[in-house]
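Colleague: Could you walk me through reading a few features of this model? I'd like the general idea and then the case at hand.

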Amino acid sequence: MTSATFQVIRLSRAAAASVSPATAAMVRRCILDWLGLAIAGANEPVSRTLRAIALAEGGRPAAAAIGGGEEVSARQAAFLNAVAGHALDYDDVSLAMHVHPTTVILPPLLALAEERGLGGRAVMAAFVAGYEAAGMIGRWLGAGPYDRGFHMTGTLGALGAAAACAHLLGLDEEATARAYGLAASQAAGLKAQFGTMAKPIHAGRAAEAGLCAAMWAEAGISSRTDILEAPQGYAATQSAIPAGPITWDGHELDCNSFKYHASCFGTHGAIEAIAALRAQGLEPGDVRQVRLTVDAGADRMCNITAPRTGTEAKFSLRFVAALALSGADTGRPGLFIDAVTAQPDLVALRDRVTVAFGPPDWPADLTAVEVTLADGSRREARCDTSLIGADDDRLRAKFLHLAGTLPDGQAHRLADQVAGIEAVTDVRALCRLALRAE
């Protein structure tokens, strides 16, 4: 029987070799969305601080620090750019693997491609390989690791990044398996850090770990080649080794979810449902009480009761519901700052919101909203976030807004380059468009 580790390697390679036009379009969406987020996120305090540390540390310039004006080493670029892409917590989501996939898979690929002079077509194929590898492992393990408190963007994300980088480097199966093992030994991230600067650092470390693991494997560093199924290996320590085999039933990428609100994805159902009620004439002054019913897992993800900072507010169902009730533009990252979180009118609205948890069979992606009005009448709405699809117009508008700090016309040129990325022969030229003049 083929081991789980080698099964993932072989199936993910097959997936990368057979990409439909629809899946290729999804890859381009992922790249465009992430570039906008990294450009904007590079100006967040966590990104600025870590970039200053990296520049003081020094290194051989090889790749762009996206959103800044500097070149750093490939390893530093993978780390810094992944942090920047996740700093706003506005990046895409895979519900199957409980991971923000693009911010851990794409930055190390771009860094390696820049360093080695590779083109867009190779990056796209490697992205598919990494995404599908992580998707297969995520479905195989299920929600157990996430429920235990592992931030799987940091843990499973490291394996996805390693799979992608190994594919880009053209490693054989044995070397790729060693890369998996080396990445698994570096994988880390705890959900207890949600609402702090440590959370985007999980993404940075996963991207860096994946890049280093592939490069170490290329250089001949030894590792177990059965890390997924090994006793005391990845599955056994994260949750439990599943009884079933690794399978692939089609591109997980096709189900990728994008964010249209700059907060934890677990809060998006509440925002969308309340927006539907506002479209029917609901006004915040009419509201006596709001009851949100969500899956119990939200309690360990996005249920900070009384957030004190803008970062905590992104993980507060109650506060995000208050923003939605007020009609605030939750697609604007600048909304989530300390001053807004402390606004008396929003705090008063927040305190009218209660969070309840559905029964054990409540769908993980479903949010039900019940609003009691001042006259005692009730309004209800529901949203299943798994049904929110990719909207190209909405994504391009999001990108152009986030990339607005670039020099005149540069954001549009960058979007055009991504649209034709298969024809880009040197990724360095594309990445230079994502630099600000400083």
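This is a predicted model: local features need pLDDT of at least 70, side-chain atom pairs count only at pLDDT 80 or more; totals for chains, interfaces and linings use all residues.

Colleague: Are F127 and Y131 buried or exposed?

Modeller: F127 counts as buried because its relative accessibility is 0%. Y131, also at 0% relative accessibility, counts as buried as well.

Colleague: How many of the residues of helix 6 are buried?

Modeller: Of its 22 residues, 18 are buried, so helix 6 is largely enclosed by the rest of the structure. Helix 6 runs over residues 120-141 and reaches 32 Å from its first C-alpha to its last, close to the 32 Å expected. After helix 6 comes G142, with a positive phi near 75°.

Colleague: And how do I read two helices that pack together?

Modeller: Two packed helices are described by the angle between their axes and the distance between the axes. Here, helix 2 (residues 21-41) packs against helix 5 (residues 102-116) at an angle of about 90°, with the axes 10 Å apart. That makes helix 2 roughly perpendicular to helix 5, because angles of 65 to 115 degrees count as such.

Colleague: Which residues in helix 2 and helix 5 meet?

Modeller: From helix 2, C30, I31 and W34 meet T102, T103, L106, P107 and L110 of helix 5. The residues of this contact divide into 6 nonpolar and 2 polar, with no charged ones.

Colleague: Thanks, that gives me a clear way to read it!

How values were computed:
Residues are numbered from 1 along each chain as its sequence is written. Side-chain values use heavy atoms; hydrogens and water are left out. Helices (H or I, at least four residues) and strands (E, at least two) are DSSP runs, numbered from the N terminus. The expected span of a helix is 1.5 Å times one less than its number of residues. Buried means under 20% relative accessible area, exposed over 50%, partly exposed in between (1.4 Å probe, protein chains only). Axes are lines fitted to C-alpha atoms, for helices over the stretch in contact, and angles run from 0 to 180 degrees between N-to-C directions. Angles under 35 degrees count as roughly parallel, over 145 as roughly antiparallel, 65 to 115 as roughly perpendicular and the rest as oblique. Contact means heavy atoms within 4.5 Å. Ala, Val, Leu, Ile, Met, Phe, Trp, Tyr, Cys and Pro count as nonpolar, Asp, Glu, Lys and Arg as charged, and the others, Gly among them, as polar.
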